[in-house]
Amino acid sequence: MKAVIMAGGFGTRIQPLTINLPKPMIPLVNRPIMLHTVELLKKHGITDLVLLLYHQPMLIKNFFGDGSEFGVRISYVTPIDDLGTAGAVKAAAKYLDERFLIISGDLLTDFDLGKILAFHDKKQASATITLTSVKDPLQFGVVITDKAGRITKFLEKPGWGEVFSDTINTGIYVLEPHVLDLIPEGENRDWSKDVFPQLLADKAALFGCNLKGYWADIGNTDAYLESCHDICAGRVAVNVQEGSTGAAGQRLFIGQEAQIARRDLVRSEGLVVLGDNSQILGSARLKNCIIGRNCTIEDGAELEDAVLWDNVYLKQGCRITGAVFCHNVRAGAGVTIEPGAVVGDETTIGDGALLKKDVKVWPRKVIEGGAIVTTNLIWGEKWRKSLFEGATVRGLTNVELTPEFTAKLGAAYGSTLPKDSFVLAGRDPIRSSRMLKRSFVGGLLSAGVNVRDVKMISLPVLRYKLTTFGEAGGFHFRQSPEDPAATDILFFDADGVEISSGTAKSIERIYFKENFRRVHYTEPGAISELPRIYDFYREGYLRALDRELLKRAAPKVVVDINHSPAGDFLPQLLSELGVEIVELNSHMIESVTGTTPEQRERALDQLSRIVVTLGATAGFWLGPSGERIRIVDETGVILSDLEALTTLAALVSRAEKGGSLVLPVQAPAVVEELAREAGLTVKRVKSDGRSIVEGAKEKQVQLAASMEGRFAFPPFQANFDALFTVAKVLELLARTDLALGQLRRGVPQRAYRHLRLPCSWELKGGIMRKMSEDSVDREASFLDGVKVQLPDAWVLVLPDQHRPLAHVIAEAADAKRAEALVAEYGKKVEKWKEELAEG
């Protein structure tokens with residue numbers, strides 16, 4: 001029996017630990033992570049090993065040699081190119097002429113490999129994937145099997161709305177050699193994305209073996225610290241090469257030539273490991289800490305849940321809690337390190353310095369004495385696990401989103417685009433948006449990307465221009481509608497659609513790694529203007545409407561333009577269509593802040609009163625970015641976002657003879673009834689903006705809508721556009737000879753309730769699994785969350801993509817039934833949270 005150990009990864013997510021080391025060589029209890037894997041294989045009788053290398057291969061070869069020192073036989077394969085997880089194994093095919101096991105070199109596990117092999121043999125499988133349950137399945141591949149263990153579905157790194165199980169792919173496989181025939185020679189292939197889905201499609205013998213035990217993917221610094229903590233807590237057993245010298249009940253391991261000058265002054269608790277030739281020179285308090293080789297710890301040190309690599313020197317009075325010091329770190333007297341901090345190789349920390357929680361310091365930095373370090377020493381203002389929320393980067397203005405941060409973000413974004421390409425740059429009228437956009441543009445130029453700066457502009461206009469040829473993407477800076485103290489940076493692709501999660505991850509990867517493309521000094525990008533951008537939009541806008549019909553109807557409308565850029569052209573457009581427009585707040589002004597929620601409510605109330613006083617057809621309030629809209633009917637009723645959705649769905653259904661409506665999964669079921677009566681269909685999609693717009697791009701879509709008052713009429717453009725919504729609603733009203741109030745009152749009345757519950761990230765996967773199990777005997781859909789159809793009602797449990805929340809949404813024929821449903825399922829979610837927390 002042979003085993004293949006995957007040991008070629010770059011380890012970018014776990015930096016700075018991997019700046020000078022390949023990930024499998026990171027010390028875990030003073031021994032490389034991969035050595036623990038080798039010993040696990042040897043324990044189960046697997047001694048013929050093939051190591052697949054790529055990044056810094058010589059460091060691994062120099063340590064392991066031919067394997068004889070560790071009681072195994074090792075062959076090495078180093079592909080010339082990055083061939084992916086499966087392509088790399090194909091490169092080692094000449095060694096794999098019999099059944100073999102694949103395991104990652106950066107896992108820590110105590111799985112019984114014998115059980116996996118026995119399962120594979122019993123099922124006569126072509127491929128067996130080892131599965132286990134985890135608290136947070138979002139970052140892993142979720143695998144669903146039938147009762148016999150045959151795999152029925154894969155979800156590779158799903159969103160929360162797609163997590164129907166917390167059973168994940170552990171990266172440990174047993175394969176028959178013929179599986180390698182599916183992989184072309186020298187081509188990049190991935191097991192989870194390519195090979196296993198192909199086996200599934202071919203209905204091959206593909207099984208999942210679910211094991212219980214300890215399993216940790218040491219993919220980032222938090223996971224590394226957690227694994228070290230688990231070892232100290234006894235949750236997983238590993239070999240410790242230092243000898244045990246503690247008293248009865250004491251877990252103190254001391255290496256060769258290591259010294260404790262005054263044993264009576266050293267207090268140890270839990271697991272304490274002192275590496276070879278290390279010394280403690282005075283009093284110390286040590287609790288659950290691992291100290292490497294050749295370290296020196298002076299008097300008065302306090303270490304708890306700390307990991308020190310080799311050649312670390314701590315002067316007197318240092319206090320380190322839940323942190324990692326890499327090789328050759330020097331810490332002065334009285335240094336304090338808070339939990340989650342990671343200090344890279346060869347860093348010097350001056351006396352009395354404080355490193356705050358989760359700070360990451362890259363190698364070879366100097367921290368002056370007395371400094372209070374609250375930010376990472378390489379990434380800018382604040383270290384974050386993820387920059388993006390969907391296609392948006394959001395942060396507190398000039399605190400989290402600073403000019404330094406946005407310049408680097410611009411360079412990262414530019415590095416994902418072709419050199420000499422063009423992007424569109426826009427913003428709202430807020431001054432801080434201008435400040436941050438300018439620094440962002442500087443980063444783009446440094447990567448050789450040209451910027452067409454359209455300055456203050458409505459988002460629909462920018463996105464409409466992106467649907468034409470000429471730009472590789474675009475971005476827009478605005479004050480966050482959720483928090484006036486924050487700024488949003490929205491990213492769009494070449495079609496004006498919000499960028500995909502894959503593109504966002506590519507930008508993040510470059511940003512965190514700082515692997516920017518820096519062009520030659522003669523090649524930076526240029527800034528230009530696009531003076532005819534409104535002409536593009538105007539021509540398409542007018543062409544998409546029945547101008548003669550509108551001129552004959554001559555509707556009167558009141559529009560609150562909200563001091564937005566739309567004020568420069570929307571009134572003129574509506575006038576050209578024969579609309580009598582009464583403008584409110586139409587003068588665009590650059591300001592230090594936008595409107596508050598209280599100001600918006602007062603503006604809507606004023607709009608309502610003016611509509612009634614003037615006898616207008618309708619009133620419209622435009623969001624500052626030009627995407628969101630609030631509607632007032634002819635009687636002065638201010639429609640909620642939900643009412644606006646159902647009313648416009650009713651209007652489109654009455655006006656159009658065919659086609660479809662694209663709506664999120666949680667939209668009211670009444671829209672199906674309205675559409676069906678008119679011969680239209682409804683397509684449900686995920687609730688994020690990108691999914692709605694992608695759905696709107698399909699043929700014969702008449703209307704697409706979000707739950708937050710954003711509408712798109714795809715015959716004009718598939719992107720959300722409040723400016724076009726104004727004219728299109730007036731045209732449809734004229735075509736049907738109906739009024740908004742009449743339509744609103746004619747919509748069948750059903751009760752819609754929405755409950756938001758706190759839900760930590762690590763519990764979301766388990767809750768979705770339990771919801772799936774709870775719904776097994778009912779009609780349920782799994783498009784986004786789990787939606788259960790009941791007689792004359794439905795209920796949806798939907799995990800929030802960006803916040804620690806779970807949404808419980810229900811619709812029923814009456815309020816009592818809807819409230820009972822959200823209460824019932826809310827209690828279920830709370831119960832499942834308690835069960836998962838206890839288990």
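Me: Which residues does Tyr-537 touch, not counting residues up to four places away in sequence?

Reply: Contact here means heavy atoms within 4.5 Å. By that rule Tyr-537 touches Pro-460, Val-461, Tyr-464, Phe-569, Leu-573, Phe-716, Gln-717, Asp-721, Leu-723 and Phe-724. On the source: this is a predicted model, in which local features need pLDDT of at least 70 and side-chain atom pairs count only at pLDDT 80 or more, while totals for chains, interfaces and linings use all residues. Residues are numbered from 1 along each chain as its sequence is written, and side-chain values use heavy atoms, with hydrogens and water left out.

Me: How many residues are in the largest nonpolar core, and which have the most contacts inside it?

Reply: In soluble globular proteins, nonpolar side chains tend to be buried together. A nonpolar core is a set of buried Ala, Val, Leu, Ile, Met, Phe, Trp, Tyr and Cys residues joined through side-chain atoms within 4.5 Å. Buried means under 20% relative accessible area, exposed means over 50%, and partly exposed lies in between (1.4 Å probe, protein chains only). The largest core has 76 residues, and Tyr-537, Tyr-541, Val-559, Leu-574 and Phe-620 have the most contacts inside it. Helix α18 supplies the largest share of this core, nine residues. Another core lies apart from it, with 66 residues, among them Ile-46, Ile-60, Phe-111 and Val-342.

Me: Where does Thr-725 lie, and is Thr-725 buried or exposed?

Reply: Helices (H or I, at least four residues) and strands (E, at least two) are DSSP runs, numbered from the N terminus. Thr-725 lies in helix α18 (residues 722–736) and is buried, with a relative accessible area of 0%. Its side chain reaches the backbone oxygen of Asp-721 at 2.6 Å. Leaving aside neighbours within four places in sequence, Thr-725 is in contact with Ile-629, Leu-648, Phe-711 and Phe-713.

Me: How many salt bridges does a search of the whole structure find?

Reply: A salt bridge is a side-chain nitrogen of Lys or Arg within 4 Å of a carboxyl oxygen of Asp or Glu. The search of the whole structure finds 51. One of them joins the side chains of Asp-488 and Arg-394, at 2.8 Å from N to O. This pair links distant parts of the chain, with Asp-488 in strand β37 (residues 486–492) and Arg-394 in strand β33 (residues 392–396), 94 residues apart. Asp-488 is buried, at a relative accessible area of 0%.

Me: What does Asp-453 form with Lys-437?

Reply: Asp-453 and Lys-437 form a salt bridge whose closest N and O atoms are 2.8 Å apart. Asp-453 lies in strand β35 (residues 450–456) and Lys-437 in helix α8 (residues 431–446), so the pair ties together parts 16 residues apart in sequence. Asp-453 is buried at 14% relative accessibility, and Lys-437 is buried at 4%.

Me: Are Arg-532 and Glu-539 buried or partly exposed?

Reply: Arg-532 is partly exposed, with a relative accessible area of 43%. Glu-539 is partly exposed at 38%. These two residues form a salt bridge, with closest N and O atoms 3.6 Å apart. Elsewhere, salt bridges that share partners join Glu-389, Arg-394, Arg-478, Glu-482 and Asp-488 into one network.

Me: Which order do the seven strands of the open sheet have?

Reply: Two strands pair if DSSP finds at least two bridges between them. The order is β14-β16-β18-β21-β24-β27-β30, with parallel pairing. The edge strands β14 (259–260) and β30 (366–367) each have a single partner strand, so one side of each is left without a neighbour in the sheet. Within the sheet, β21 (residues 313–314) and β24 (residues 330–331) pair in the parallel sense over two bridges. The bridge partner of Tyr-313 in β24 is Arg-330.

Me: What is the phi of Asn-288, and what is the phi of Asp-792?

Reply: Asn-288 has phi near 50°, a positive value in a residue other than glycine. Asn-288 is in strand β17 (residues 284–291) and counts as buried at 12% relative accessibility. Asp-792, also not glycine, has a positive phi near 60°. Asp-792 lies in the loop between β49 (786–790) and β50 (793–799) and is partly exposed at 49%.

Definitions and conventions. A polar contact is a pair of N or O atoms within 3.5 Å; within protein, one must be able to donate a hydrogen and the other to accept it, and residues adjacent in sequence count only if both atoms are side-chain atoms.
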